[in-house]
Protein chains: 2
Amino acid sequence: MIAVRVIAFLKPGVLDAQGQAVQQGLEALGYAVERVRVGRAFELVLPEQDWEENVRRMCERYLTNPLIEEYRYERLGPAAPPAKGQDDP
Amino acid sequence: MIAVRVIAFLKPGVLDAQGQAVQQGLEALGYAVERVRVGRAFELVLPEQDWEENVRRMCERYLTNPLIEEYRYERLGPAAPPAKGQDDP
């Protein structure tokens with residue numbers, strides 16, 4: 001088993017209303033931010049065999065909307081044992 | 001200006017109902033996945049000065065709920081020019 005992280009953001013041309021809202025919120029708190037994009041992140045634990053092809057298919061079919069979102073994935077290495085509630089900063 | 005990516009996931013001990021739902025969805029489609037966590041991703045463009053301290057503060061005060069979420073951030077390098085609608089895979 002390996003762990004893979006997928007990150008999906010709206011494509012650059014697509015209006016990111018959530019990102020604009022977050023940017024306004026941060027500015028209202030006094031932070032200087034020029035741009036904010038908000039996206040989604042997934043961490044998957046899956047078999048190593050054909051992982052890359054499987055991750056791509058999962059992204060295209062289920063995890064993201066390829067029409068308006070772009071995604072990236074990276075292998076994180078062997079999967080950690082199941083979480084035991086520890087803080088892992 | 002630099003770009004920073006922030007990723008926030010529920011802490012390991014916190015029930016991730018969304019992750020469970022995604023896992024069931026993927027399994028229903030025939031994919032072998034042992035675990036799925038769903039989180040949020042942010043891409044921020046902000047001034048380089050004190051960026052790390054500012055990002056941490058934004059995370060603690062606004063972007064995440066430190067009680068139930070853990071976050072990581074990484075600097076992505078100099079900010080790209082504003083999006084022009086191009087696809088950037």
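1. Let me start with the contacts. In chain A of this predicted model, residues 24 or more positions apart account for 70% of the contacts with a separation of 6 or more. Buried residues make up 42% of the 89 residues in chain A.

2. Next, the elements behind those contacts. Chain A holds two helices and three strands, and from the N terminus on they follow the order β-α-β-α-β. Strand 1 of chain A covers residues 2-10 and strand 2 of chain A covers residues 35-46; the two run antiparallel and are joined by seven bridges. For a residue to look up in your viewer, take Arg5(A): its bridge partner in strand 2 of chain A is Glu43(A).

3. The sheet deserves a look across both chains. Six strands form an open sheet in the order 3(A)-1(A)-2(A)-2(B)-1(B)-3(B), with antiparallel pairing. At the edges sit strand 3 (69-78) of chain A and strand 3 (69-78) of chain B, each of which pairs on one side only. From one strand to the next, the twist averages 25°.

4. Now for the helices. Helix 2 of chain A, residues 51-63, lies across strand 1, strand 2 and strand 3 of chain A, and it runs at about 125° to strand 2 of chain A. Helix 1 (residues 17-28) of chain B packs on the sheet as well, touching strand 2 of chain A together with strand 2 (35-46) of chain B. The direction of helix 1 of chain B makes about 115° with that of strand 2 of chain B.

5. How are the two copies related? A rotation of 180° with 0.0 Å of shift along its axis superposes chain A on chain B, with an RMSD of 0.0 Å. That is the relation of a two-fold axis. Of the residues of chain A, Arg40(A) comes closest to the rotation axis, with its C-alpha at 2.2 Å. As for the interface, 100% of the interface residues of chain A are also interface residues in chain B, so the copies meet through the same surface.

6. Trp51(A) is buried, because its relative accessible area of 14% falls under 20%. Tyr73(A), at 23%, is partly exposed.

7. Chain B has its own pair: Trp51(B) and Tyr73(B) are edge-to-face, at 6.0 Å centre to centre and 90° between the planes. Trp51(B) belongs to helix 2 (residues 51-63) of chain B and Tyr73(B) to strand 3 of chain B, 22 residues apart, so here too the pair links distant parts of the chain. With 13% relative accessibility, Trp51(B) counts as buried, while Tyr73(B), with 22%, counts as partly exposed.

8. Finally, the cysteines. How many disulfides does the structure hold over all chains? There are zero. Cys59(A) is buried, with a relative accessible area of 0%, and Cys59(B) is buried, with a relative accessible area of 0%.

Definitions and conventions:
Residues are numbered from 1 along each chain as its sequence is written. Chains are lettered from A and ligands numbered from 1 in the order in which they are written. This is a predicted model: local features need pLDDT of at least 70, side-chain atom pairs count only at pLDDT 80 or more; totals for chains, interfaces and linings use all residues. Side-chain values use heavy atoms; hydrogens and water are left out. Copies are superposed by least squares on the C-alpha atoms of residues with pLDDT of at least 70 in both. Contact means heavy atoms within 4.5 Å. Two strands pair if DSSP finds at least two bridges between them. Helices (H or I, at least four residues) and strands (E, at least two) are DSSP runs, numbered from the N terminus. Axes are lines fitted to C-alpha atoms, for helices over the stretch in contact, and angles run from 0 to 180 degrees between N-to-C directions. Buried means under 20% relative accessible area, exposed over 50%, partly exposed in between (1.4 Å probe, protein chains only). Rings of Phe, Tyr and Trp (its six-membered ring) pair if their centres lie within 6.5 Å; planes under 30 degrees apart count as stacked, over 60 as edge-to-face and the rest as tilted. A disulfide is a pair of cysteine sulfur atoms within 2.5 Å.
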